[in-house]
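This report goes through one protein chain, from its overall form to single residues. Keep the sequence and the 3D view at hand while reading.

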Amino acid sequence: MEGMVTRVASSSETRSGFVFAKRVPISFFDGRLGQNVRVKRIRMGLVGAGFVGPHHVDAVRRVAGAEVIGVAGSTAASAKAKAEALGIERSYGRYEDLINDPDIQVVHNTTPNHLHFAVNAAAIAAGKHIISDKPLGMNAAEAKHLLDLATAAGVFHGVTFNYRGNPLVQHARQAIADGQIGEPRFIHGHYLQDWLLKDEDYSWRLEPDKGGPTSALGDIGSHWCDIAEHVTGRRITHVLADITTAVPVRRGRPMQLEDLASALLRFDNGAKGSFSVGQICAGHKNDLVLEVNGAAKSMRWRQEAQNELWIGERDVPSQILQKDPSLLNAAGRSLAILPGGHQEGWSDAFAGLIRAMYGHIAEWRGPSTPLSPMVATFADGYRANCLVDAVLASARAGGVWTEVAR
Ligand SMILES: NC(=O)c1ccc[n+]([C@@H]2O[C@H](COP(=O)([O-])OP(=O)(O)OC[C@H]3O[C@@H](n4cnc5c(N)ncnc54)[C@H](O)[C@@H]3O)[C@@H](O)[C@H]2O)c1
């Protein structure tokens with residue numbers, strides 16, 4: 001799915017938001033006019049300010065040269081209340097009005113999954129750059145449609161696969177690409193949470209018409225699949241899956257979607273793999289783990305201890321690499337905003353990805369614009385939807401090896 005945008009070599013990853021900060025006014029591609037215009041600041045509007053929306057606002061506010069000017073909610077009253085709480089000037093009761101505000105150039109979509117298509121498609125039709133949260137579509141067909149629309153419109157399109165923004169994730173990606181652990185042979189891990197452990201726990205994510213045909217897989221499995229392929233540079237070709245609804249009744253209502261899933265994986269380089277996702281695993285808060293066992297060494301990154309990267313050795317003691325910019329390669333160093341010993345967290349990694357996206361938006365020249373490999377586009381969103389669809393298809397067929405659509 002890399003064909004839609006041009007990727008630049010890893011040396012360009014040293015670009016940082018701080019370089020971008022000096023470029024004001026900004027030469028900016030306006031999709032509606034089909035030409036470059038100069039603006040003093042890139043203005044963002046947010047659709048859907050629930051849990052993750054305010055983190056998009058926080059991340060954009062950390063980009064010098066960008067500003068958050070509007071928020072749309074499901075009603076005018078809720079949008080106004082969110083705007084006041086977040087210190088945002090304009091509010092809209094309909095997302096169409098935010099999208100049609102001529103002062104807004106970038107739309108962030110953090111609505112529930114069933115609205116991703118409509119909001120993203122409307123923003124693209126208006127010539128706005130679009131940053132959507134994941135999963136991009138309710139299924140791969142929706143995501144492919146969005147990718148095609150965004151590509152044809154020539155706008156920037158991004159998906160917040162935010163774990164890519166962690167310095168040690170990028171360090172691991174570059175180290176593996178440079179051959180430092182040898183050819184990956186076993187790629188495995190999990191993404192476990194506990195917020196749906198109890199019968200009374202509930203979310204729109206459990207309702208097929210709002211969350212889509214999957215709960216755990218679409219919500220957190222999409223992140224795991226993205227990071228596994230992104231960090232290793234290898235693609236999953238086949239899956240064999242088993243899915244379960246461990247809590248079958250919540251608040252007296254029967255549940256249709258899985259809250260626990262596991263899959264065996266085959267990769268295009270011959271590597272084998274496996275992953276599990278679960279929302280019912282007590283004690284695991286946001287426990288994303290990726291381990292890669294190469295022909296020479298291993299690497300393991302764990303989101304809940306995100307400032308450390310384990311490097312497994314056979315003949316000398318294994319190491320823990322700390323997130324210290326002076327110890328990281330160029331890809332990792334470009335994202336580290338603090339010196340060693342100063343812990344960075346989930347929001348910092350999120351902001352790192354958004355900073356890179358806005359760097360591209362500031363220099364946007366249409367789909368041929370070179371993009372940093374760390375930036376996730378709608379092509380990557382579509383890819384994650386394809387992987388989730390394949391896992392679901394395998395499980396529904398009774399656990400058979402299933403090819404992932406290309
Ligand atoms: N990247 C990440 O790490 C991450 C984390 C959490 C959620 N997400 C994704 O972000 C999306 C939102 O998740 P959330 O946890 O913030 O959900 P949420 O339910 O907390 O927030 C969704 C918000 O959208 C609003 N909304 C609903 N209909 C709307 C409409 N028609 N117009 C405008 N606003 C509307 C709701 O009122 C709510 O405020 C989901 O797709 C989810 O998968 C991503």
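## Contacts of Arg185

Two residues are in contact if their C-beta atoms, placed from the backbone, lie within 7 Å. By that rule, and not counting residues up to four places away in sequence, Arg185 touches Ala271, Asn293, Gly294 and Ala295. The model is a predicted one.

Arg185 belongs to strand β10, which covers residues 184-192. It counts as partly exposed because 17 C-beta neighbours lie inside 10 Å. Arg185 and His114 are 71 residues apart in sequence, and their C-alpha atoms are 37 Å apart in space.

## Overall form

The chain has 12 helices and 21 strands. For 406 residues, a compact globule would have a radius of gyration near 22 Å; the value for this chain is 21 Å, which agrees. Along the principal axes, the C-alpha atoms fill a box of roughly 55 × 55 × 40 Å.

Of the 406 residues, 51% are buried. Among contacts between residues at least 6 apart in sequence, 69% join residues at least 24 apart.

## Two domains

The chain is divided into domain 1 (2-162 + 351-374) and domain 2 (167-337 + 386-403). The contact between them takes 17 residues from domain 1 and 19 residues from domain 2. On the side of domain 1 that touches domain 2, there are 6 nonpolar, 8 polar and 3 charged residues.

In soluble globular proteins, nonpolar side chains tend to be buried together. Here the largest nonpolar core has 107 residues, and among those with the most contacts inside it are Ala172, Trp224, Phe378 and Leu387. Helix α12 (residues 378-396) gives the most to this core, with 11 residues. The core draws at least three residues from each of domain 1 (2-162 + 351-374) and domain 2 (167-337 + 386-403).

Which residues does Phe378 contact, leaving aside its neighbours within four places in sequence? They are Leu136, Ala143, Leu146, Leu147, Ala150, His157 and Val159.

## Cys225

Cys225 is part of helix α9, residues 216-232. Is Cys225 buried or exposed? It is buried, because 28 other C-beta atoms lie within 10 Å, and the cut-off for a buried residue is 20 or more.

Setting aside neighbours within four places in sequence, Cys225 is in contact with Ile236, Ala384 and Leu387. Leu387 is also listed among the residues with the most contacts inside the largest nonpolar core. Cys225 and Met374 are 149 residues apart in sequence, with 15 Å between their C-alpha atoms.

## Around the ligand

How many residues surround the ligand? There are 22, and the closest are Gly48, Gly50, Phe51, Val52 and Asp133. By class, this shell divides into 8 nonpolar, 11 polar and 3 charged residues.

## Two backbone details

A cis peptide bond joins Lys134 and Pro135, with omega about -15°. Pro135 is in the loop between β8 (129-132) and α6 (140-153).

Arg251 has a positive phi of about 50°, although it is not a glycine. This residue lies in the loop between β12 (249-250) and β13 (253-254). Arg251 is exposed, because 10 other C-beta atoms lie within 10 Å and the cut-off for an exposed residue is 12 or fewer.

Terms used. Residues numbered from 1 in each chain as written. Predicted model: local features only at pLDDT ≥ 70, side-chain atom pairs only at ≥ 80, totals over all residues. Helix = DSSP H or I, 4+ residues; strand = E, 2+ residues; numbered from the N terminus. Rg over C-alpha atoms; globule rule 2.2 N^0.38 Å. Near = placed C-beta within 6 Å. Nonpolar A, V, L, I, M, F, W, Y, C, P; charged D, E, K, R; others polar. Core = buried A, V, L, I, M, F, W, Y, C linked by C-beta atoms within 7 Å. Domains from an automatic or database assignment.
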